[in-house]
Amino acid sequence: MPAPMLKRTTLWVLCVAGTLVAVATAGIRMVVGGERDLLLVGHTTAAHRQIEMACETCHAAPAFASSAVAAEALNETCRNCHEDELLAAADSHPRKLFRAPRMAIYRQQLDVMQCTTCHLEHRPEITRAGGVTVAPDFCAACHSHGDQDIRAARASHAGLTFDTCASAGCHNYHDNRALYEDFLTTHGDAPWLAPKPVHGLSALRREARQELVSASHSAVAPVAPPAALVGPIVDEWAGSAHAASEVNCAACHAPAMASAEASLAALEAQWIDAPDTTACTDCHDDEAATFARGRHGMRQHPAIAKPRDPLQGLDAIGLGSVVPDAVATWIADAPLPTHMTVAETRLPMRTEAASEVLDCGTCHRPHAVDVERAAVAACASCHDDAHSRAYLASAHYTLWQAEIAGEAAPGSGVSCATCHMAKARRRGAVVASHNQNEILRPSTKMIRPVCLDCHGLRFAIDALADTELVASNFQGKPDVQVESITWAMQRLSAAH
Amino acid sequence: MPTFAEQLVLLTIDEDGAFLPVREDSLVCALAGAALMDLAFAGRIDTDLQALVVMDRTPTGDQALDRVLEKIAAREHPAQTRAWIRELCVEDADGIRDDVLADLVKDGTLGLRRRRMPWQPRTSSYALLDAGSRRDVLRRIEDALRTDEIPDSRDIALISLLDACDVLSALLPAGAIEGRRARIDQLRKLELIGREVAGAVADIERTVILALRARSARYRRLLFRLSGVGGLAAAATLLAPRVPIPERFGPDIFALIWQDDGWQQGSGFVVAGVSIVALISALLLKITPAARLRATRWWRLSHIALGIGGLVALFVHTGFRLGVNVHAALMSCFLAALLLGALVGVSTGGAQGLRKMGIGPRLRAYLLRLHIAALVPLPALLAIHMLVVYLY
């Protein structure tokens, strides 16, 4: 063969071989195992950032499934994690509503039976608050014609455009617990600030804690190997709710100990210098469960996909019996780190916090178990957006400082956790939900459980609709006036 | 005695059977001019100020020449020599060449061989079986240029035609033509051609030069402009801000093409299809000079048009979105290949200007290699992109 032809043939062979190797490598990563970061078509929302590379959490259909099967599986995974939330929100547009034959005409406009119709992932360009990817005036799909034509049904809505339905502070698609008409007319007249502005559940929580710590924290002594009883940690523990509750060192550092009466030698044998988060979650199961549903601990949610079984993937492409186990192990997925680092987030964060790992100790300092630090300082040490930065200059923070200094009533201060971590009574105690989503998006979710304890409904709705006021962390009063309460009351008056 | 057309075709094939790198425009015009010169020397045609006229309709016995003669004789209204050159370049040059090649194969001067290169379509090439015929023509030309003797009038006409069509430079060693320029000009001015054909040959030669310049300039202008459009479109795709997806609910063409799965799939397959067809046209462009002349130009323009079509399809598919990760790599490859391809076209179209700067052929060769190199990762990236889309 002449030299030029040989050279050309060699180049062709190299190109074809390189192409085949590249496609095969990518194909194996897609179907069998291995890193897939480079294959992403777009970033996920910040909310799903933690599980972005646990692809099978959402893409649950088997490889090569039809698009209909894949779409159904995808939507089912949405419901796996978010259905309880929708139930709690008394979803205004539940799927069951649209199963009725008369709704078929509306489903043709917008297939609301599928979550992905409005919440597409990997599309950062069109993703709005709440992970919404459909046009802001999507309500027009159903409410601009037929018996659902809201502009014909309500005189007050006659001149409105559909892009204002959700953006003006009047409506949400799913959660309207603080926005429905009866609620507006019942609470619409409340003054902007309550005579005694106190967040009730926060007050109960602080009182219970104060009572616990002041009553008995000095009664117990730390039990630990002498080498471990050094530095400020002993004092931190002594002033903590753990000490007050007689939760001694062994409870976290030697959980295998049968009882506190065990010998020091046995304690030393079982001692773990740096216990993992199971030391916390074994007791704080409510907090652990909600933490795993929230933005900080999502990777621990039981529905998050485990690393793929490479043998299963190899079987799917007919190579199960050909590829040796050692190779299968080599190409397997690396498990997701249990906890995310601050550097991985897509929200504005302080650069100095980049290496922080989001586990219990990051916010609570394990020996002090300091809920006050966890309620403000821990948040402010990482979050660096305008709203977070402005908090330290806000009236809410001033009230919080007064409360923790003992100069103001329990519950009168407003910390980050007051608004973003819902409180609830469980088993006779007030616990803080570690799932921020419960009262985060849309922001009107926090009106009933948080805002209304201190503020009137009209003020709360106006304040949350004023984006500049939200960014400044409510320094001042709202410039925005949402008309929904006025219109609801006018309609009520007209009906009577 | 071989005809001008036969001598011309023979001269453009080297002793290994490879075609000399003669510009297609030059060859096409030279073939048309050669055919008319043959007819003029055979006393079949003549020219005057107004038209090229047939003096004798008797066939010459040469298939190619007789077809041209028949065509000229059949024309009701006589046309100018320029018009005939233009028409023969466009419509008959390939046929003349094919006939001449067939004659040369038939009389054993050339041998026809077909072969298949790896991964490429079958190609035809010719082996020079009787190298003596070519050497004889070449020797006559070299003698005419080297000595001060007055050559045969047909040799003068042949040299004039070869020089007019810029074929002579491909036959002589590099730099030789500059050294012999004075002699060439002297030969072209000699009035030794028979009185009866002198006017016709001179007219044909003059017309061939004009036609060649016009054709070449027209084609190169088109090539330059088309490539420029492609290059600007590629640059725009790279630099222009993405076209936003409309924020209004309801029928909208942009929302449809960038959000609807069916449209996305359709436009994606169009991009892939255009890429494949462009690749085929490039392969045809590569193999065409050995078989067809006029087709070369067609395939080159088609290749550029396909590149522009690919950019339009890419816009429909992406709306100037460059993507992320492996998908951004795919887009980068596409755009790099298109941009470099456009630059190859611009450097081909603007070759004369570049040659004056002394960078023409080398720049084009570098750009062409880069254009091809940018295409190498494309099949893998395209396959991965499609796998990702269909598996997830």
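Predicted model: local features only at pLDDT ≥ 70, side-chain atom pairs only at ≥ 80, totals over all residues.
Local features require pLDDT of at least 70 and side-chain atom pairs pLDDT 80 or more, while totals for chains, interfaces and linings use all residues. Residues are numbered from 1 along each chain as its sequence is written, chains are lettered from A in the order in which they are written, and side-chain values use heavy atoms, without hydrogens and water.

**Exercise 1.** Describe the packing of H6(B) against H9(B).

*Solution.* 
1. Helices are DSSP runs (H or I, at least four residues), numbered from the N terminus; H6 covers residues 153–164 of chain B and H9 covers residues 181–189 of chain B.
2. Their axes, which are lines fitted to C-alpha atoms over the stretch in contact, with angles from 0 to 180 degrees between N-to-C directions, come within 9 Å and cross at roughly 120°.
3. H6(B) is therefore oblique to H9(B); angles under 35 degrees count as roughly parallel, over 145 as roughly antiparallel, 65 to 115 as roughly perpendicular and the rest as oblique.
4. Contact (heavy atoms within 4.5 Å) involves B:Ile156, B:Ile159, B:Ser160, B:Asp163 and B:Ala164 on H6(B), and B:Arg181, B:Ile184, B:Leu187 and B:Arg188 on H9(B).

**Exercise 2.** Describe the packing of H17(A) against H19(A).

*Solution.* 
1. H17 (residues 371–380) and H19 (residues 395–404) of chain A have axes 12 Å apart, at an angle of about 160°.
2. H17(A) is therefore roughly antiparallel to H19(A).
3. A:Glu372, A:Ala375 and A:Val376 of H17(A) meet A:Tyr397, A:Trp400 and A:Ile404 of H19(A).

**Exercise 3.** Identify the residues with the most contacts inside the largest nonpolar core, and the contacts of B:Leu168.

*Solution.* 
1. A nonpolar core is a set of buried Ala, Val, Leu, Ile, Met, Phe, Trp, Tyr and Cys residues joined through side-chain atoms within 4.5 Å; buried means under 20% relative accessible area, exposed over 50% and partly exposed in between (1.4 Å probe, protein chains only).
2. The largest core has 63 residues, and B:Leu36, B:Ile141, B:Leu162 and B:Leu168 have the most contacts inside it.
3. Helix H2 (residues 24–41) of chain B contributes the most to this core, with twelve residues.
4. Apart from neighbours within four places in sequence, B:Leu168 contacts B:Ile141, B:Ile159, B:Leu162, B:Asp163, B:Ile177 and B:Ile184.
5. A second, separate core of 30 residues includes A:Leu39, A:Leu314, A:Ala328 and B:Leu314.

Terms used: Helix = DSSP H or I, 4+ residues; strand = E, 2+ residues; numbered from the N terminus.
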